[in-house]
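Here are a few friendly notes to read alongside the model. Please keep the 3D view open as you go through the points.

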Amino acid sequence: MTAYERTKQALERAEKLGGKSATNCVAEVDTTALFTAQQLDAAKPEKHHPIWGTPILVKDNIDVKGLHTTAGSLALKDNVAQQDAPIIQNLRRNGAVIIGKTNMTEFANYTSWDMPNGYSSHGGQVVHAINEKLDPSGSSSGSGVAVSAGIVEAAVGTDTSFSVIACAQANGICGIKPPHGALPSEGIIPIARTLDSAGAMAKDFTMALNLYSAMRDEPLPPLHPKSVKNLRIAVNTAHPEYNSDENKAFLDKLIILLKKQDAALSEIVQEYTDHQNVIMQWEFKPHLEDYLASSSAGFKNLEKIVRCYENNPETMMKYGIKLLRAALDETPGGLQGEPYLKAMQMRQETINNIENTIGDYDAVIMYGYTNIMHLCGLPSVTVAAKTKDSNGVPFCVVMYGTDEYRLYQTALAIEKLFNDL
């Protein structure tokens, strides 16, 4: 199909499946999308990116020129982007058609721990596409649901701590959070620049790689599935109680299959660490205000945003603002505060040790729960299987590693292997 035809169909699906009467995953539609698609069809380049002519939805904390960037908050309802974020510029340069924005958990899940995943004062509640009773996960909920519902083949999310990876897993799709710094962060409402990254979400892993390649505006090296018998994989068994019995049974089958095909597997334990939460709390205010300074938002600092919430309790304080309040009140000294500096030191020590711990592995499978990959800025992926759980959601495996290209090749191998499960 032409870019115009693909875009027209995606917009029709967005209206039917993405509105408030359905999944409520679409926050805003770009009225220029069809014109953009027509221009792409007229251009007819001799060689173009695999993403060329593909309709894409973008999380509502990323600037898309002419559209609102609210991060799901009514406090930022007046923030209209004056220019595209660099990753959006890159996507357009490679032929993507931005058709609109997706709803998300408010302030990327950094408003209150009590806030449900996918909820925001501006957008309301995002609904899981496969089973409305399921958690759509956060905070890239809208992007994950939009792909799962088939509105678009791929969508852009952001990830500070599992917001791409867990959303992809919860919605039965593929996700890529690249190594920290691989993608520009300008034009994205932050939580903590030390930890934040944009990411790619798609139905299959090849499409996720294509989207990521376009976002960074640099071709990836040729990536092919690694031979399973040459794979070296670690299984991180820390905190298995956080994984469901059904998911663990699926991973057990995958591990058995890997062993049968002579992959080398080892068990490791890499624990959850609270240093990440400290960094988020202390970086939120200065990094948010840095974004706001050049935005069109009326509120330019966190204090005024918090006051806006407190002045509008019925519409904005349904689940409280404990995290926003703590970032404002409990960070004396800012980025020179002792707790922050200590957490950053511990992060650096963990990064220094990580290569010795898992550098020889192509990938680490997350069997239980850890956040070490997010603390250290390691690449992480979610790969979806064809088999589904009791709720009808495709099973997924979450993996991370020290070398992004080895990790992606392993992901392609695992995706291929899923055909045997």
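1. Let us start with a definition: the expected span of a helix is 1.5 Å times one less than its number of residues. Helices (H or I, at least four residues) and strands (E, at least two) are DSSP runs, numbered from the N terminus. Helix 12 (residues 338-358) has 21 residues and should therefore span 30 Å at 1.5 Å a residue; its end C-alpha atoms are 30 Å apart, in agreement.

2. A word on the basis of these notes. This is a predicted model, in which local features need pLDDT of at least 70 and side-chain atom pairs count only at pLDDT 80 or more, while totals for chains, interfaces and linings use all residues. Residues are numbered from 1 along each chain as its sequence is written, and side-chain values use heavy atoms, with hydrogens and water left out.

3. Helix 12 also has a bend of about 30 degrees at N352, the bend being the angle between axes fitted to the seven residues ending there and the seven starting there. Its buried residues are Y340, A343, R347, I354 and I358. Here buried means under 20% relative accessible area, exposed over 50%, and partly exposed in between (1.4 Å probe, protein chains only).

4. What do the buried residues of helix 12 pack against? Their partners are strand 10 (264-268), helix 8 (275-293), strand 11 (363-366), helix 13 (372-376) and strand 13 (394-400). Contact means heavy atoms within 4.5 Å.

5. Turning to the whole chain, the protein has 14 helices and 13 strands. Its radius of gyration is 21 Å, close to the 22 Å that the globule rule gives for 421 residues, so the chain is as compact as a globular protein of that length. The radius is taken over C-alpha atoms, and the rule is 2.2 Å times the number of residues to the power 0.38. Of the 421 residues, 57% count as buried.

6. V127 lies in the loop between strand 5 (124-125) and helix 4 (141-148). With 22% relative accessibility, V127 counts as partly exposed. Beyond its neighbours within four places in sequence, V127 contacts A22, T23, E132 and V145. The C-alpha atoms of V127 and T23 are 4.5 Å apart, although 104 residues separate the two along the chain.

7. How many disulfides are there? The count is 0, where a disulfide is a pair of cysteine sulfur atoms within 2.5 Å. For C396, the nearest cysteine sulfur is that of C174, 6.8 Å away. C396 counts as buried at 5% relative accessibility, and C376 counts as buried at 8%.
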